[in-house]
Amino acid sequence: MGFITSLSKHSLSPISGKLNEYPLSLFLRNLDKSDYSILKDYNLDCNGDSSVIDYIIVSKYGIFVINSKNMSGTITHNGGKWIQKLNGSENLIENPVLETYNLVNLLKKEVIAVKDIEIIPIIIFNATSKLDFNLEGIINSPEIIRKIKSYNNPIIAQKKREGIIYSLLHSTNSKAGLNVVKGPVTKIIDDSKKYFCPKCGSKLKVSEIEKSFVCSNNKKCGSKL
């Protein structure tokens, strides 16, 4: 990928990748759906290259970008090199801080134009990893809710949150249909007062029978508001 490349000529650790899906999703269920909107596996395209942001969480307390790493053993860094120590061996791994920094900058450049709102990066290693350092924003998975809730000062109004989610769902640099909001289900309104589904981005229509908004993409989505 053009914008996230290996920083070392050495081979990267083969024991790396996504955090086990079940535990992290389970933790994130503890977030109040009225305050936090979660996009999972957000796909971005840029100049023919593509990347996936594990989670984007839009809340009234800020925007969080979560980069997850599935690595056992001890994780350390020294002299700019990040190392995984496992079973008596040492493996060089990609710098997760720079990787996440690149993801945040790409998101700000291509999708979210919010100069007055900081995007908060969080790097998560699994629960069995030992982090041999203390760096802000790098935690083990069980700490994720405490970390997110440590940001408790409301800074984004509801209308602005809806606009940010709308931008994420309708960005020409994201892969349509793959970026799904897990909650909350709220009406997203653009400047022309049209309503859009926060799950798939399709236009909403009024159901006279159910007296509610329903997604027009009822074959693939079918959300009801």
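Me: In the hairpin of β4 and β5, which residue takes a positive phi?

Reply: Glycine 79 does, with a phi near 60°, in a hairpin that has two residues between the strands. This is a predicted model, in which local features need pLDDT of at least 70 and side-chain atom pairs count only at pLDDT 80 or more, while totals for chains, interfaces and linings use all residues. Residues are numbered from 1 along each chain as its sequence is written, and side-chain values use heavy atoms, with hydrogens and water left out.

Me: How many helices and strands does the chain have?

Reply: Helices (H or I, at least four residues) and strands (E, at least two) are DSSP runs, numbered from the N terminus. Here the chain has four helices and 14 strands.

Me: Which way do β4 and β5 run, parallel or antiparallel?

Reply: Two strands pair if DSSP finds at least two bridges between them. Strand β4 (residues 74–78) and β5 are antiparallel and joined by five bridges. Within β5, isoleucine 83 stands opposite threonine 76. β4 also pairs with β8, in the parallel sense and over two bridges; there isoleucine 75 has leucine 131 as its bridge partner.

Me: Is glutamine 84 buried or exposed?

Reply: Buried means under 20% relative accessible area, exposed over 50%, and partly exposed in between (1.4 Å probe, protein chains only). Glutamine 84 has a relative accessible area of 0% and is therefore buried. It lies in strand β5.

Me: What does the side chain of glutamine 84 reach?

Reply: A polar contact is a pair of N or O atoms within 3.5 Å; within protein, one must be able to donate a hydrogen and the other to accept it, and residues adjacent in sequence count only if both atoms are side-chain atoms. The side chain of glutamine 84 reaches the backbone oxygen of serine 72, at 3.1 Å. Leucine 86 is also placed in strand β5, and at 16% relative accessible area it is buried. Its C-alpha atom is 4.8 Å from that of glycine 73, 13 residues away along the chain.

Me: How many aromatic pairs does the structure hold?

Reply: Rings of Phe, Tyr and Trp (its six-membered ring) pair if their centres lie within 6.5 Å; planes under 30 degrees apart count as stacked, over 60 as edge-to-face and the rest as tilted. The structure holds three such pairs. In one of them, the rings of phenylalanine 64 and tyrosine 151 have centres 5.5 Å apart and planes at 75°, so the pair is edge-to-face. Phenylalanine 64 is in strand β3 (residues 62–69) and tyrosine 151 in the loop between α3 (144–149) and α4 (158–170), 87 residues apart. Phenylalanine 64 is buried, at 0%, whereas tyrosine 151 is partly exposed, at 26%.

Me: Which aromatic residue does tryptophan 82 pair with?

Reply: Tryptophan 82 pairs with phenylalanine 133, edge-to-face, at 5.3 Å centre to centre and 80° between the planes. Both tryptophan 82 and phenylalanine 133 are buried.

Me: Which residues touch the most other members of the largest nonpolar core?

Reply: A nonpolar core is a set of buried Ala, Val, Leu, Ile, Met, Phe, Trp, Tyr and Cys residues joined through side-chain atoms within 4.5 Å. The largest one has 21 residues, and those touching the most other members are Tyr42, Ile53, Ile56, Ile63, Leu107, Ile164 and Leu168. At least two residues of this core come from each of β1 (36–46), β2 (49–59), β3, α2 (96–110) and α4. Another core, of 17 residues, lies apart from it and includes Phe64, Ile66, Ile145 and Ile148.
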